[in-house]
Amino acid sequence: CPCALVISIPLSFFAGIGGASHEGVLVKGSNYLETMAQTKYVVFDKTGTMTQGVFEVSGVHHNTMPEEQLLEYAALAECSSSHPISKSLQKAYGKQINRDRVTEIEELSGKGVTAKVDGIPVAAGNAKLMKYLNVEYSECEEVGTIVHVAVDGKYAGHILISDKLKLHAKEAIRDLKKAGITKTVMLTGDMKRVADKVAEELGIGEVYSELLPADKVAKVEQLLSQKSEKEKLAFVGDGINDAPVLAGADVGAAMGSGADAAIEAADVVFMTSSMEAIPQSLKIARATGRIAKQNVAFALVIKALVMVFGLLGLANMWMAVFADTGVAVICILNAIRILYKKL
């Protein structure tokens, strides 16, 4: 009778999904749990995943006008954007945004925004935007996200914005490596200097910076082509721009605090948004796979032995009952162990 196999194997994965949810990890199917157990590559987005995504203005440099006025121009130019950097500029401005003062807003992908504030042309963005507009700009020696501002075609200064690493992020990367992850990669649209510093602090093996959303998709596709068929790649992100990458990875994992589009596209959602949930979910997936294999081996071995004993005339009724009902009960108890196992 196949009861032990039919009941215990699905139950192993149901228990694994339940154990993961108890740890704040939502797995959308047993197939994703099985794929996670085979993961060898983990690719991260930076902002909101490795960092808290809470940007704060930490300085204004090389400004040719008062700081308050520079922040006002930058905040008004960025008023239509929901990006965390834009929100940090509006927070630093500290006053009510009057959108009637802003016209002709244009977002330039991977560069920044241009707009007219009180009829004066204003551009706020990274160094690429300044080069695009042929505006000479000053470099910043400090590490952070730099927002260059040009007013009426002339450089007006730059604003330094800092983001903090998530708690236990470094420990999570270390735990992933201990768990057998062979490659950790970070993808970000930030400047190379900022990305390299974060990667160095966290101990990430590879980092690719100054990427557009399409570049992230291409980079993940390249990594997918490099790995072997048995090795799986997991991508962890949180932003709306990460949705295509989450859908294209072997396993897409989203932070619960992220955009709805990212959560919808992901196969796994970390409801706590903690970096510790990543190695924890990997341990649960691997423990689930081990328990499922244990159940298969135990059920087949016991049933084969009893069948041999039966052919030799050595089996009796209690052996048959144990091989059927007893094995099924033991496999079920072994399967639900994942709910209470300390990983």
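In the predicted model, residues 24 or more positions apart account for 58% of those contacts in the protein chain that have a separation of 6 or more. The secondary structure of the chain comprises 12 helices and 13 strands. With a radius of gyration of 27 Å, well over the 20 Å that the globule rule gives for 343 residues, the protein chain is more spread out than a compact globule. Along the principal axes, the C-alpha atoms fill a box of roughly 100 × 35 × 30 Å.

In soluble globular proteins, nonpolar side chains tend to be buried together. In the present model, the largest nonpolar core contains 34 residues, of which Phe 44, Phe 270 and Met 275 touch the most other members. Helix α11 contributes the largest share of this core, namely six residues. A second, separate core is made up of 27 residues, among them Ile 85, Tyr 93, Val 117 and Val 147. When neighbours within four places in sequence are left aside, the contacts of Phe 44 include Thr 49 and Met 50, as well as Ile 173, Leu 176, and the residues Thr 184, Val 185, Met 186 and Leu 187; Phe 235, Val 236, Met 275 and Ile 278 are also in contact with Phe 44.

Two individual positions were examined further. Thr 288 is placed in helix α11, which spans residues 277–311, and is buried, because its relative accessible area of 1% falls under the 20% cut-off. Apart from neighbours within four places in sequence, Thr 288 is in contact with Ser 12, Phe 13 and Gly 16, and likewise with Leu 33 and Ile 338.

Glu 56, by contrast, is located in strand β3, which covers residues 56–61. The relative accessible area of Glu 56 is 43%, so this residue is classed as partly exposed, a category that lies between the cut-offs of 20% and 50%. Residues up to four places away in sequence not being counted, Glu 56 touches Ser 88 together with Leu 160, Ile 161 and Ser 162. The C-alpha atom of Glu 56 is separated by 25 Å from that of Lys 154, a residue 98 positions away along the chain.

Notes: Residues numbered from 1 in each chain as written. Predicted model: local features only at pLDDT ≥ 70, side-chain atom pairs only at ≥ 80, totals over all residues. Heavy atoms only, no water. Helix = DSSP H or I, 4+ residues; strand = E, 2+ residues; numbered from the N terminus. Rg over C-alpha atoms; globule rule 2.2 N^0.38 Å. Contact = heavy atoms within 4.5 Å. Buried < 20%, exposed > 50% of the residue type's maximum accessible area, 1.4 Å probe, protein only. Core = buried A, V, L, I, M, F, W, Y, C linked by side-chain atoms within 4.5 Å.
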